[in-house]
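The sequence and the structure are shown first.

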Amino acid sequence: MTDHLQPQPCDLLIEAGFVVPVVPHGIVLEDHAVAVSGSEIVAILPIAEARLRFAAREVVARPDAALIPGMVNAHVHNPMTLLRGVADDLPLKVWLQEHIWPIEAAVMGPEFVADGVTLAIAEMLRGGTTCCNENYFFPDVQAATYKRHGFRARVGLPVIDFPTAWASSDAEYFDRAGEVHDQWRDDALIATAFAPHAPYTVSDANFEHVRMLADQLDVPVHLHLHETAQEVAQSQDKHGQRPIARLDRLGLINDRLIAVHMTQLTDAEIHLCAERGVSVVHCPESNLKLASGFCPACALQRAGVNLAIGTDGVASNNDLDMFGETRTAALLAKAVADDAAGFDGFSALRAATLGGAKAMGFDHLVGSIEPGKQADLVCVDLSALETQPLHHVVSQLIYATGRHQVSDVWIAGKSRLRARELVDMDMPGIIANARQWQSRIAGVLR
């Protein structure tokens, strides 16, 4: 008779002043709890009901916090965290060819990649990011490092038309890509994508090979596209068509494509992306810093294109702060569209969470707080003076909150940040290691 009154066991109950689930859109749930069993969300319900229904192994009460899905940073070069500030205030081509590539040639290797990713994971966790879309060399090392720290990532398999420390020929890039994909194909946290660098560094033949393998292996294609006016002009000179038209000719403009930057777009190109299901990653701070141009976020959103937000690499941003990036994205979108109502707070939060998850093909797993999804969750303390008075939770999250207000982070139900302290990560050791790299890189710069 009383069986139905027995509390249901669960591993974790997070009680929050506010839950912002992202789905349904535009909703804030007051005084709600999220119940977690293993790695999965099992229920979202009022706190009073949750206490009756669940017997939790751990209860985390955050009455002054908003609980949101973990932020999804949809475009990063995380090993480059070790290059923070080495070549500031330069245009893209000069920054890349005269500074970044020569430094990378001197220091890039498995140790650099592992240490840069570890520093990035710590920074992302402290800023409420639980998932990233990685694009760099040594994806085998990246994947192992993300896995070791329990961080969710889609790791890019690089393709570029010149030799690097990772691969010396076209064949080797593809052979090694296949090996890394096979190693991680069934992992719960780590997945892969093809990452051909950009239209100006990848040949037609290599793009066609990428398209064929992406179709066969059912993985996304993650690349820089229409980043600068110079890139578009160069493509017209060399190929007789704009980069998007060239990629369309090669069969790559489809729902696997994660197109990053997209600052130079015609209305026809925007509609083509909407029609084909392309996802666009808006990286406003890197674009502003490199003077690359402005992504027309409002026009893309109006056309129905899935929008995500990425910080880009720390060498051109110079941080992995998704709260700062999302605020910049929302503000810049309004100015570019001349529309103060464009890209509102809820839309910006969706782009920073579910939009990124959808771009990466992870939206069945993360990006919103829904039963059955993975418990990638973030508590943001809104009790600080800087976020008072609290008239509108999402307004505060997008326009007033700083990443230092992130108090707790879980990935797949496991605590990664607790009361601002990293769990199972040696912060003093990470800082000491970063300083050692600073000395090594300074030697290269001299």
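D115 lies in helix α3, and touches L82, N433 and W437, with residues up to four places away in sequence not counted. Contact here means heavy atoms within 4.5 Å.

## Basis of the values

The model is predicted, and local features need pLDDT of at least 70, side-chain atom pairs count only at pLDDT 80 or more, and totals for chains, interfaces and linings use all residues. Residues are numbered from 1 along each chain as its sequence is written, and side-chain values use heavy atoms, with hydrogens and water left out.

Helices (H or I, at least four residues) and strands (E, at least two) are DSSP runs, numbered from the N terminus.

## Helices α3 and α4

Two packed helices are described by the angle between their axes and the distance between the axes. Helix α3 (residues 110-126) packs on helix α4 (residues 139-148) at an angle of about 35°, and the axes are 9 Å apart. Axes are lines fitted to C-alpha atoms, for helices over the stretch in contact, and angles run from 0 to 180 degrees between N-to-C directions.

On the α3 side, the contact involves P110, V113, A114, V117, T118, I121 and M124; on the α4 side, V141, Q142, T145, Y146 and R148. The residues of this contact comprise eight nonpolar, three polar and one charged. Ala, Val, Leu, Ile, Met, Phe, Trp, Tyr, Cys and Pro count as nonpolar, Asp, Glu, Lys and Arg as charged, and the others, Gly among them, as polar.

The buried residues of α4 include V141, Q142, T145 and Y146. The buried residues of α4 pack against α3, β6 (129-134), β7 (152-159), α5 (170-184) and β8 (190-196). After α4 comes G150, with a positive phi near 65°.

## Helices α2 and α15

The axes of α2 (residues 92-107) and α15 (residues 427-445) come within 10 Å and cross at roughly 120°. I103, A106 and V107 in α2 meet W437, I441, V444 and L445 in α15. This contact has seven nonpolar, no polar and no charged residues.

Definitions and conventions
Buried means under 20% relative accessible area, exposed over 50%, partly exposed in between (1.4 Å probe, protein chains only).
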